[in-house]
Amino acid sequence: MPQLPRRPGFTAAIFDMDGLLVDSERVTLRAWIGAARARGIALAEADYLQVVGRASTDSDAMLTALLGGPHVFEQVLADVTARLSDGGPEPLFPLKPGAASLLQALRHAGVPCAVASSSRRDEIEHRLGRVGVLHHFQAWAGGNEVPRGKPDPALYRLAAGRLGVDPAQCLAFEDSENGARAAQAAGVAVVIVPDLKQPAADVAGRSHGVLESLVSAHDHLPRWFVAAGTPKNR
């Protein structure tokens, strides 16, 4: 594991959701490729990965171009929505390894946590509620609440603002390059935990560290975070 750079302790944590807290990106990738293939369209994995970490308005525009137009996009989207129906007894998108224990440790330490996800606010509440960790967060911000999604910094600024914490005092956890760029542009230090693809060298070089999984984050908590007092209400 790379040596993490030194920086004074942070007082709050901000988490991405898809691909970082919940294992959703692979399932979603397979759904889009399968739905496109059912209509005779070869959607390459490398092409789909361009949309990972972006707000839905941006990703929809990119997928519309990749699929050949709005009509086909709407057909594929309807199929994807059906494939990703989350009505079964078990959550469609389970927690990633280390997520639950990391959130519990931060809660125990009094470190307030927020979510900054490109997914809609209602999706954040549903997905994190399904896996039983929504109560660990004092605030959350969705991609539908900002004019521009990641890699624009607005989502991270909104999440930090809802926590009542200066962005410079927050440490973000991200899996995607677009998300890491958004955090860095907002003045938020970021730890990258890659999921579907590795970050570009320049993004990784400006990060607070690149870890194999959230399990690896536990040992660093005492030097990453300072006492944060009583968490603020959402």
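**Close-up views of strands and aromatic pairs**

**View 1. Strand β2, helix α6 (residues 121-130) and strand β3 form a right-handed β-α-β unit.** The model shown in this and the following views is predicted. Strand β2 (residues 113-117) and strand β3 (residues 139-142) run parallel and are joined by 4 bridges. Within this pairing, Val115 stands opposite Trp140 of β3.

**View 2. Strand β2 is covered on both of its faces.** Cys113, Val115 and Ser117 lie on one side, Ala114 and Ala116 lie on the other, and each of these residues is buried. Because 5 of the 5 residues of β2 are buried, the strand is largely enclosed by the rest of the structure. Strand β1 is also parallel to β2, and 3 bridges join the two. Ala13 has Cys113 in β2 as its bridge partner.

**View 3. Strand β5 (residues 189-192) has buried residues pointing both ways.** Ala189 and Val191 point one way, whereas Val190 and Ile192 point the other way; all are buried. Strand β4 (residues 170-174) runs parallel to β5 and is joined to it by 4 bridges. The chain passes from β4 through helix α8 (residues 177-185) to β5 in a right-handed β-α-β crossover. In the pairing of these strands, Ala172 stands opposite Val190 of β5. Strand β6 (residues 209-210) also pairs with β5 in the parallel sense, over 2 bridges. Here Ile192 has Val210 in β6 as its bridge partner.

**View 4. Phe15 and Phe173 form one of the aromatic pairs in the structure.** A search of the whole structure finds 4 aromatic pairs. The rings of Phe15 and Phe173 are stacked, at 4.8 Å centre to centre and with 10 degrees between the planes. Phe15 belongs to strand β1 (residues 12-15) and Phe173 to strand β4, so the pair ties together parts that are 158 residues apart in sequence. Both residues, Phe15 and Phe173, are buried. Ring pairs link Phe15 and Phe173 with Phe137 and Trp224 into a cluster.

**View 5. Trp32 and Phe73 form a stacked aromatic pair.** Their ring centres are 5.9 Å apart, and the angle between the planes is 20 degrees. Trp32 lies in helix α1 (residues 25-37) and Phe73 in helix α4 (residues 70-83), so this pair ties together parts that are 41 residues apart in sequence. Trp32 and Phe73 are both buried.

Terms used
Residues are numbered from 1 along each chain as its sequence is written. This is a predicted model: local features need pLDDT of at least 70, side-chain atom pairs count only at pLDDT 80 or more; totals for chains, interfaces and linings use all residues. Side-chain values use heavy atoms; hydrogens and water are left out. Buried means under 20% relative accessible area, exposed over 50%, partly exposed in between (1.4 Å probe, protein chains only). Two strands pair if DSSP finds at least two bridges between them. A crossover is right-handed if, with the strands pointing away from the viewer, the path from the first strand over the helix to the second runs clockwise. Rings of Phe, Tyr and Trp (its six-membered ring) pair if their centres lie within 6.5 Å; planes under 30 degrees apart count as stacked, over 60 as edge-to-face and the rest as tilted.
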